[in-house]
Amino acid sequence: MKNPKHTPGPYSVLEAVSGLQITAKAQTEPYQGQAVAIAEVRSWDGEPPINQVRANADLFAAAPELLEACSIVSDRLEAWAETLDRFVRISSDNHPDMGRWKNERANYRTLIEKLRSAVSKAKGE
């Protein structure tokens, strides 16, 4: 991803005294290349339970890869949807599969919008 606003990944999860830390490699001196904490996930009086704390930390740590994957998939789906649009335009309305194609096209558009919305939210747009 070019020039992200967020700290570039990959992120890792490390155990800390107060919980779990999400870390990334520092991009600038004096800590360049070293793991630095960018977020902390913890439990307070057992809430949420430690297994949820770990799951939350793992989800946060996966965010850069998920963001990149969502961006790539939405672009690929957009290309496929455009192909399907062209196919629907040049095909006869009487074609036995036309209803299914139009339904698939609508489903792709809905999925593309969900992916793009998630990407925009993650980018703070």
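Which residue of β2 is the bridge partner of A16? Here are a few friendly notes, starting there.

1. The bridge partner of A16 is G19, in β2. This is a predicted model, where local features need pLDDT of at least 70, side-chain atom pairs count only at pLDDT 80 or more, and totals for chains, interfaces and linings use all residues. Residues are numbered from 1 along each chain as its sequence is written, and side-chain values use heavy atoms, with hydrogens and water left out.

2. β1 and β2 (residues 19-25) are joined by six bridges in the antiparallel sense. Pairing here requires that DSSP finds at least two bridges between two strands. Strands are DSSP runs of E with at least two residues, and helices are runs of H or I with at least four, both numbered from the N terminus.

3. The sheet is open, with three strands ordered β1-β2-β3 and antiparallel pairing. At its edges are β1 (11-16) and β3 (35-41), each pairing on one side only. On average, neighbouring strands are turned by 35 degrees against each other, direction ignored.

4. Helix α1 (residues 50-90) lies across β1, β2 and β3, and runs at about 150 degrees to β1. Axes are lines fitted to C-alpha atoms (for helices, over the stretch in contact), with angles from 0 to 180 degrees between N-to-C directions.

5. P48 sits in the loop between β3 and α1. Not counting residues up to four places away in sequence, P48 touches R42, S43, V53 and N56, where contact means heavy atoms within 4.5 Å.
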